[in-house]
Amino acid sequence: MSSAWFQPLDMSASNRAAMAALPHRHLPAGTLLFHPGDPAQAFVIVLKGRIEVMLTGPSGREILLYVVEPGQTCIQTTLGLMGDQPYSGEAATATPCEVVLIPKPLFLSLIDAEPGFRRFVMQAFGARMADLTHLLERVAFGRIEQRLAAALLDLAQGALVQATHADLAARIGSAREVVSRRLEGFARQGWVSIDRGTVTLLDPPALRHLASQPD
């Protein structure tokens with residue numbers, strides 16, 4: 001995403017100058033951005049990298065709610081800034097990131113005064129809500145095997161997936177023990193090989209076929 005991401009938006013010259021003056025922050029992987037209960041202080045624009053937003057249940061089980069990549073926004077931050085709602089999840093950088101933070105007073109001023117900025121925020125919010133709805137549908141109605149196959153294909157760099165069983169469980173909304181059993185089943189069928197912290201895809205077509213099957 002370009003550092004001048006706001007240029008296509010219809011905004012006044014003064015607000016364009018205010019946006020251009022915002023500093024860029026470079027964050028290493030693993031940087032925590034917010035915790036449950038924190039108030040939203042700024043609207044995050046991701047220029048490079050990937051942020052993951054997780055939700056932890058009372059049992060300690062985690063689920064990946066969504067990711068924020070260049071061109072996308074954080075649902076929880078939008079709700080927090082516009083509705084004074086505290087964060088319910090936790091966000092951390094999954095890769096090194098370059099971000100711009102729009103402070104809450106400037107964000108609210110832009111929402112009030114700039115229709116172009118307001119449309120950008122609302123359109124991005126709508127797209128992320130659609131993504132979250134799809135996640136809920138997959139968790140509620142999709143079979144574990146399908147969700148796991150789809151996650152492996154999505155995460156693969158070439159044939160290699162660098163993720164623990166706990167990471168995969170959080171991504172598909174399941175338990176680590178369940179993911180481990182399903183991976184062992186995939187391995188017995190010759191679709192994957194498993195090592196500590198990695199999964200190698202041996203038969204991607206079989207995984208794609210499984211992931212695309214109707215529920």
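**Entry 1: the S193 pair and its sheet**

I looked up S193 and found that this residue stands opposite T200 in β10. The model is a predicted one, in which local features need pLDDT of at least 70, side-chain atom pairs count only at pLDDT 80 or more, and totals for chains, interfaces and linings use all residues. Residues are numbered from 1 along each chain as its sequence is written, and side-chain values use heavy atoms, with hydrogens and water left out.

I noted that β9 pairs with strand β10 (residues 198-201) over 4 bridges, in the antiparallel sense. Pairing here requires that DSSP finds at least two bridges between two strands. Strands are DSSP runs of E with at least two residues, helices are runs of H or I with at least four, and both are numbered from the N terminus.

Which strands make up this sheet, and in what order? I read the order β8-β10-β9, an open sheet of 3 strands with antiparallel pairing. β8 (160-162) and β9 (192-195) are the edges; each has a single partner strand, so one side of each has no neighbour in the sheet. Neighbouring strands are turned by 20° against each other on average, direction ignored. For such angles, axes are lines fitted to C-alpha atoms (for helices over the stretch in contact), and values run from 0 to 180 degrees between N-to-C directions.

**Entry 2: strand β4**

I then followed β4, which is joined to β5 by 6 bridges and runs antiparallel to it. In that pair, I51 stands opposite V68 in β5. β4 is also joined to strand β6 (residues 90-93) by 4 bridges, again antiparallel. M54 has E90 as its bridge partner in β6.

**Entry 3: the cores**

I looked for nonpolar cores, meaning sets of buried Ala, Val, Leu, Ile, Met, Phe, Trp, Tyr and Cys residues joined through side-chain atoms within 4.5 Å. Buried means under 20% relative accessible area, exposed over 50%, and partly exposed in between (1.4 Å probe, protein chains only).

The largest core has 38 residues, of which W5, M19, I102 and F117 touch the most other members. Among the elements that each supply at least two residues of this core are β3 (42-48), β7 (97-103), α3 (104-113) and α4 (115-141). What does M19 contact, leaving aside its neighbours within four places in sequence? I listed W5, F6, M11, I102, L106, L110 and F117; contact means heavy atoms within 4.5 Å.

A second, separate core has 22 residues, including V161, L168, V192 and L207.

**Entry 4: L183**

L183 lies in helix α7 (residues 176-188). I found L183 buried, at 0% relative accessibility. Leaving aside neighbours within four places in sequence, L183 is in contact with L148, L152, H165, L168, V192, I194 and V199. L183 and A149 are 34 residues apart in sequence, and their C-alpha atoms are 9.3 Å apart.

**Entry 5: cysteines**

How many disulfides are there? I counted 0, a disulfide being a pair of cysteine sulfur atoms within 2.5 Å. C74 is buried, with a relative accessible area of 7%, and C97 is buried at 4%.

**Entry 6: confidence**

I checked pLDDT, the predictor's confidence in each residue from 0 to 100. The protein chain has a mean of 87, and 93% of its residues reach 70 or more. Confidence is lowest in α4, with a mean of 79, and highest in strand β1 (residues 24-27), at 95.
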